[in-house]
Amino acid sequence: MHPNQALFEEGDAATLLPVVDHYCGVEARMVKSLELQAAKGPVFDITLDCEDGAPIGGEAEHVQLVLAQLHSANNRHGRVGARVHPFDHASFEADVDELVRRGGEQLAYLMVPKPRGLADVEQACNFIDEAIKRHGIRKPLPVHVLIETHGALQEVFAIAAHPRIESLSFGLMDFVSAHRGAIPRTGMSAQGQFTHPLVVRAKLEIAAASHAHAKTPSHCVVTEFKSASAIQAAATRAAREFGYTRMWSIHPNQIQPIIDAFAPSVAEIDEAIEIIQAAQAAQWAPIQHRDTLHDRASYRYFWQLIERAHRTGQPLPAEVLQAWFAA
């Protein structure tokens, strides 16, 4: 029996997304990012930005630029999404309608920023679903939400419970700005975002809500993009201390350090494979491994570690790939 069948009830397992969500809104960066993804494989997602990337007054033209990249030959893996304007913005409906009409079968997801609460999320999802129906799109189009307002954080568990939501991201910069100077500038820095109590609280609430409803929590940006040590340290803390399974990148140089930080070590992978193979041989009954008892609870942990290794492109034995990851 495959580990997913043995260890999870139907609907319990979260959707497995790449550990990096790479944002780009300028044409040259879009092209470079797509070329990199084509070469490296689907170990990171690309979100083409129609919100902050679009010049004021040029929103419609920017959507056409995004669609051109979405349909380019370098989109080889089907892991390209788009961020639209907020639900209450004048361009939201036009963004969604055109992206769904011309790219609904190619888009991996739509990101909705700045909802003020559950009501905005519900109305945004309803409009997206109406557009999908109106344009005859057959492929499911997951919705991601950016939590960056007080209202959205207050209702984050209800938002995570919405059946159309696949992932929740934390919008650090707008969240700090929403406090009208009460959180100092250091709260947006690579180190300060992990120490200021209000920012830490927001990160933990988003991660907890996501895991409670089997959704993917996506960690916020590190703006010091020229510092490899800063992104490595932040990604490691996000993955190891704050419960995030995905993280934003805003520069191509940040992609690999995030993948490395979220990937299990070779020793962790080897131990997990040994335990899952032994559990499978025992028909998923409890086992003893290196003087430690294991049962289905710990099996789930080790199986998810193996899945994360596969998702981050770590080398796995051929027999593991054939038994557990063959299409």
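In which strand is the place of Arg246? Select Arg246 to begin, and the selection falls in strand β8, which covers residues 246-249; helices (H or I, at least four residues) and strands (E, at least two) are here DSSP runs, numbered from the N terminus. This is a predicted model, in which local features need pLDDT of at least 70 and side-chain atom pairs count only at pLDDT 80 or more, while totals for chains, interfaces and linings use all residues. Residues are numbered from 1 along each chain as its sequence is written, and side-chain values use heavy atoms, with hydrogens and water left out.

**The first stop: Arg246**

Because its relative accessibility is 0%, Arg246 counts as buried, a class that means under 20% relative accessible area, with exposed meaning over 50% and partly exposed in between (1.4 Å probe, protein chains only).

**The whole chain**

Now zoom out to the protein chain, which holds 14 helices and 10 strands. Its C-alpha trace spans about 65 × 45 × 35 Å along the principal axes. The radius of gyration of the protein chain is 20 Å, which agrees with the value near 20 Å that a compact globule of 327 residues would have; this radius is taken over C-alpha atoms, and the globule rule is 2.2 Å times the number of residues to the power 0.38. Of the 327 residues, 52% are buried. Among contacts (heavy atoms within 4.5 Å) between residues at least 6 apart in sequence, 72% join residues at least 24 apart.

**Helix α11 and its partners**

Select helix α10 (residues 228-240) together with helix α11 (residues 252-262), whose axes come within 8 Å and cross at roughly 35°; axes are lines fitted to C-alpha atoms, for helices over the stretch in contact, and angles run from 0 to 180 degrees between N-to-C directions. The crossing of α10 past α11 is right-handed, a term used if the near helix is turned clockwise from the far one by less than a right angle, and left-handed if anticlockwise. On the α10 side, show Ile231, Gln232, Ala235, Thr236, Ala238, Ala239 and Arg240, which meet Gln254, Pro257, Ile258, Asp260, Ala261 and Phe262 of α11. By class, this contact of α10 with α11 has 8 nonpolar, 3 polar and 2 charged residues, where Ala, Val, Leu, Ile, Met, Phe, Trp, Tyr, Cys and Pro count as nonpolar, Asp, Glu, Lys and Arg as charged, and the others, Gly among them, as polar.

Stay on α10 and pick Ala238, which counts as buried because its relative accessibility is 0%. Setting aside residues up to four places away in sequence, Ala238 touches Phe194, His219, Gly243, Tyr244, Met247 and Phe262.

Which residues of helix α2 make the contact with α11? Helix α2 (residues 27-40) packs against α11 at an angle of about 35°, with the two axes 10 Å apart, and the contact is made by Arg29, Lys32, Leu36 and Lys40 of α2 with Pro252, Ile255 and Gln256 of α11. The residues of this contact of α2 with α11 divide into 3 nonpolar, 1 polar and 3 charged.

Within α2, select Ser33, which at 1% relative accessibility counts as buried. Apart from its neighbours within four places in sequence, Ser33 is in contact with His22, Cys24, Phe44 and Ile46.

**Helix α4**

Move to helix α4 (residues 92-103) and pick Leu99, a residue that counts as buried at 0% relative accessibility. Display its contacts beyond the neighbours within four places in sequence, and Leu99 is found with Cys50, Val63, Val66, Leu67, Ala82, Val84, Gly104, Leu107 and Leu110.

**Two loops with positive phi**

Next select Lys114, in the loop between β4 (110-112) and α5 (118-134), where phi is positive at about 50° although the residue is not a glycine. With a relative accessible area of 23%, Lys114 is partly exposed.

End at Ala214, in the loop between α9 (197-212) and β7 (216-219). Phi of Ala214 is near 55°, again a positive value in a residue other than glycine, and at 22% relative accessibility Ala214 counts as partly exposed.
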